[in-house]
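User: I would like to go through the labels attached to this model one by one, and hear for each of them what value it rests on.

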Amino acid sequence: MAEIVDSITADDEKGRIARTLLFPYLNHAATMYGDGYATAADIDAGMRFGCGYPIGPLALIDALGAKTVVDGLSEQFAQTGDPLHRPAPALVEIADSGASFSGEGADGTPVPEVKRPVASVGVVGTGTMASGIAQVFAQAGYDVVYVGRSQEKLDGVVAYVTKNLDRAVARGKLDEAGKDAVLGRLTGATEREALADVDLVVEAIAEDLDIKLQLFRDLDRVCKPGAILATTTSSLSIRACADATARPADVIGMHFFNPAPVMKLVEVVTTEVTDPDVDETVRALCLATGKHPVSCGDRAGFIVNALLFPYLNDAILLQESGAASMEQIDAAMKETKLPMGPFELLDVVGNDVSLAIQQTLVDTFGHEGWQPAESLKKVVAEGRLGRKTKAGFHTY
């Protein structure tokens with residue numbers, strides 16, 4: 001921890017870059033907490049388990065000292081006039097009181113229990129995310145029915161899961177009998193009617209609201225009363241999906257992170273009408289499958305994307321300003337023990353995906369300072385989408 005703090009507070013170029021990019025990120029996390037959107041524990045867990053960060057933003061504020069962050073933001077605000085750089089009221093309150101964010105929501109919270117029994121799970125979709133979710137539940141002992149558009153797509157799910165299980169066998173983490181048991185819990189179908197008896201459905205199809213609404217209308221028709229209907233959307237309205245059904249209280253968000261078998265985080269997203277039993281059951285299921293659930297409300301970006309992508313956009317803006325190069329920025333942020341520099345991460349996520357999420361955040365929150373950077377628009381327009389196209393901000 002001391003090494004991270006020292007790298008951020010260092011009186012050198014890397015320290016300056018780190019403060020320029022991290023302080024607005026910390027401010028945003030404090031705003032999220034102050035608004036009551038999520039607990040301090042869930043905000044910190046979101047960034048640790050969703051991004052692989054060594055420390056959550058609110059815990060980092062505590063480590064740096066809230067006054068240090070307030071003073072740094074005040075200096076930035078004086079230079080930029082950007083309202084996003086004005087210290088958040090919750091942050092100022094912590095600094096003035098000498099209190100801390102640590103421990104909030106971490107103690108005394110009851111372990112969630114399954115309120116609606118779940119023995120079988122349906123997964124709609126056959127892509128990487130859907131295949132990973134199917135594997136997660138099958139490995140945890142649930143019978144899984146996965147639905148795709150063709151036998152070829154269904155075979156792709158089995159191939160994906162088999163490859164992952166073979167890797168686990170090679171590493172000694174699973175034996176052949178265990179592998180066969182997992183595969184034996186997977187049943188493919190090309191018709192959604194196969195989901196009639198499952199207790200939970202998780203959809204992981206295209207990020208297109210019209211397509212998802214059509215699906216939820218169909219799930220409402222097919223699925224039995226009391227079945228939980230979940231979406232793993234990262235950016236679309238869960239309430240809109242809920243309202244497409246006659247059972248909006250049964251609809252919830254389960255935002256898994258890619259690759260689902262590896263990443264521990266699941267953002268459990270409730271709407272104003274989600275049944276508390278559905279919320280608690282889904283959080284309990286996350287724990288039962290070895291995941292770490294965090295709770296938040298139905299708004300763009302949820303916890304992780306809402307905190308991550310403005311930071312990535314700020315990194316591009318800093319490079320555009322001429323204050324630092326991509327290489328200097330990536331190196332400075334890795335000095336703070338982040339797993340990747342921002343430009344490296346943009347290329348891994350996909351610059352087209354990053355642009356779409358950033359624009360969604362602007363459309364939702366209206367912050368002028370979050371307008372997508374021109375360089376991000378440029379690499380997308382040129383087809384330099386990142387590692388998947390062998391070129392992005394870096395060349396591969």
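Predicted model: local features only at pLDDT ≥ 70, side-chain atom pairs only at ≥ 80, totals over all residues.

User: What makes Gly 172 buried or exposed?

Analyst: The relative accessible area of Gly 172 is 62%, and because the label exposed asks for over 50%, Gly 172 counts as exposed. Gly 172 sits in the loop between helix 8 and helix 9; from Val 145 it is separated by 27 residues in sequence and by 28 Å in space, C-alpha to C-alpha.

User: Which residues form the positive surface patch, and how do you know that Lys 173 can belong to it?

Analyst: The patch is formed by Lys 163, Arg 167, Arg 171 and Lys 173. Lys 173 has a relative accessible area of 67%, and a patch residue needs over 30% and no salt bridge, so the accessibility part of the condition is met by Lys 173. Lys 173 is found in the loop that runs between helix 8 (151-170) and helix 9 (176-184).

User: Why is the contact between Lys 337 and Glu 3 called a salt bridge?

Analyst: The N to O distance between the two side chains is 3.0 Å, and because the criterion is a side-chain nitrogen of Lys or Arg within 4 Å of a carboxyl oxygen of Asp or Glu, the pair of Lys 337 and Glu 3 qualifies. Lys 337 lies in the loop between helix 14 (326-335) and helix 15 (342-349) and Glu 3 in helix 1 (residues 2-9), so the bridge ties together parts that are 334 residues apart in sequence. As for accessibility, Lys 337 is partly exposed at 39%, whereas Glu 3 is exposed at 51%.

User: What makes the pair of Lys 378 and Glu 382 a salt bridge, and how accessible are the two residues?

Analyst: Their side chains meet at 2.7 Å, N to O, and because the limit is 4 Å, the pair is counted as a salt bridge.

User: Which other salt bridges can be named, and how many does the structure hold?

Analyst: The structure holds 23 salt bridges. Among them is the one between Lys 388 and Asp 352, at 2.9 Å, N to O, which links Lys 388 in the segment after helix 17 (374-381) with Asp 352 in helix 16 (residues 351-365), 36 residues apart. Arg 192, Glu 193, Asp 218 and Arg 221 are linked in a network of salt bridges.

User: How do you know where the NAD binding domain lies, and what is its make-up?

Analyst: The position comes from UniProt, where an unreviewed entry places "domain: 3-hydroxyacyl-CoA dehydrogenase NAD binding" at residues 121-298. In the model this span is 42% helix and 22% strand.

Conventions
Residues numbered from 1 in each chain as written. Heavy atoms only, no water. Patch = residues over 30% accessible without salt bridge, like charges linked within 9 Å, V, L, I, M, F, W, Y side chains within 5 Å. Areas by Shrake-Rupley, 256 points an atom, 1.4 Å probe, with all protein chains shown as cover. Lys, Arg positive; Asp, Glu negative; His and termini not counted. Charge placed at Lys NZ, Arg CZ, Asp CG, Glu CD. Helix = DSSP H or I, 4+ residues; strand = E, 2+ residues; numbered from the N terminus. Buried < 20%, exposed > 50% of the residue type's maximum accessible area, 1.4 Å probe, protein only. UniProt positions renumbered as here; feature names shortened; annotations may be inferred.
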